[in-house]
Amino acid sequence: MRIDFRSDTVTVPTPAMLHAMQKAPLGDDVFGEDPSVNELERFAADLFRMEAAVFCPSGTMTNQIAIKCHTQAGDEVICDESSHIYQYEGGGIAFNSGCSVRLIHGDRGRINADQVAAAIQPDDVHRPVTRLVSLENTSNRGGGSCYEMKEMEAIGELCRSKGLSFHLDGARLFNAMVAKNEKPETYGKLFDSISICLSKGLGAPVGSLLLGKAPFIKKARRIRKVFGGGMRQAGMLAAAGLYALNHHVDRLKTDHEQAALLGAAIAKKDMVAEMLPVETNIIIFRLKPGLTAPELVKLLEGKDVLAYAITPEKVRLVVHLDIIPAMLQQTINIIESI
Ligand SMILES: Cc1ncc(COP(=O)(O)O)c(C=O)c1O
């Protein structure tokens, strides 16, 4: 039995989710005629009390569409240096939007209002125009860390006072909301745009949603088409997403509990130099010199446990829907025996 902790993207649909996909009413979504996609978009927008939503194939696409909609070439985007939009989207901010990036050294992926204020460019023809601030909650490279709502509100207030757009990469926002006991509408009020992923902790096979005001989402639909993201009978995927939003949110608590147990077992090992606090479903730790992250990953793979070396010294494990308690116990036993 291979136990796969590489990412929460590795899950396959449950039988109940598959059933929902099979019976989904379908149409051509590029014509706006897929009832299941329309239902998902309405459901998500209402959940966050935002005006509209657009369904896309990936979180990379929803983030990149948002950046494209908020900016024009020559503008600058402020984000944490470890952000997915900067680290893992293939230079898309430059490629798609012609923008520069102002990186902030945050705390486990989280930036604060003072840092943002200091990063805003002065009104000077030599400088790019600061246009957008993007946060990530939870932070992937920050080890699933969650923002404090107060901090996000302070950044939001600053953005409003400076006329900057405010985007949230919420690929794992439901993990944050469950961990912090927060409501979607609080986020809906705060951000100009939110990207949420259905294919991470929520366990759908494909799909992300971009949420925002109606004119913004109208523009986003046009950009989705240009990016090649207009899908046809996508209702099967939307039905999986709807199922996930209705059935897989509360259970994220279990993932967080399992991650905490596994993290505690790993933290006890002599080889570990630093364990990031396990706040949600992601475990990241740094190894002491003597064993590299790829070496540990290989060693674990030999025992049918898959992990991911995010740097030469750091290993990441992610708990998800397909990790059952017996797998967790087996992994803890293996870790203890190393
Ligand atoms: C924080 C974050 N944002 C965005 C994405 C992009 O999602 P996708 O893989 O669907 O493009 C990921 C993927 O892991 C992520 O971790």
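Predicted model: local features only at pLDDT ≥ 70, side-chain atom pairs only at ≥ 80, totals over all residues.
The protein chain splits into two parts, domain 1 (15-247) and domain 2 (251-337). Taken over C-alpha atoms, the centres of domain 1 and domain 2 sit 28 Å apart.

So much for the layout; next comes the place where the domains meet. On one side, 19 residues of domain 1 take part, and they are in contact with 15 residues of domain 2. Putting the two domains together buries about 1,400 Å², with carbon and sulfur atoms giving 55% of that area. Charged pairs show up here too: the rule picks out two salt bridges across the interface of domain 1 and domain 2. There is also a salt bridge between R110 and E279, where the closest N and O atoms are 3.8 Å apart. As for polar contacts, five residue pairs are counted between domain 1 and domain 2, with both residues at pLDDT 80 or more. Helix α8 (residues 173-180) supplies four residues to the side of domain 1 that touches domain 2, the largest share. Sorted by class, that side of domain 1 has ten polar, five nonpolar and four charged residues.

R6 is found in the loop that runs between β1 (3-4) and α1 (15-22). With a relative accessible area of 34%, R6 falls between the 20% and 50% cut-offs, so it counts as partly exposed. Along the chain, R6 and V319 are 313 residues apart, yet 8.6 Å is what separates their C-alpha atoms. Leaving out residues up to four places away in sequence, R6 touches L306, A307, Y308, R316 and V318. R6 also has a partner in D4: a polar contact of 2.6 Å joins the two side chains.

Is S97 buried or exposed? S97 counts as buried, because its relative accessibility of 5% is under the 20% cut-off. Around S97, and again not counting residues up to four places away in sequence, the residues touched are Q64, I67, K68, T71, Q72, A73 and G92.

Conventions:
Residues numbered from 1 in each chain as written. Heavy atoms only, no water. Domains from an automatic or database assignment. Contact = heavy atoms within 4.5 Å. Buried area = accessible area lost by both parts, 1.4 Å probe. Salt bridge = Lys/Arg side-chain N within 4 Å of Asp/Glu carboxyl O. Polar contact = N/O pair within 3.5 Å; in protein donor to acceptor, adjacent residues only side chain to side chain. Helix = DSSP H or I, 4+ residues; strand = E, 2+ residues; numbered from the N terminus. Nonpolar A, V, L, I, M, F, W, Y, C, P; charged D, E, K, R; others polar. Buried < 20%, exposed > 50% of the residue type's maximum accessible area, 1.4 Å probe, protein only.
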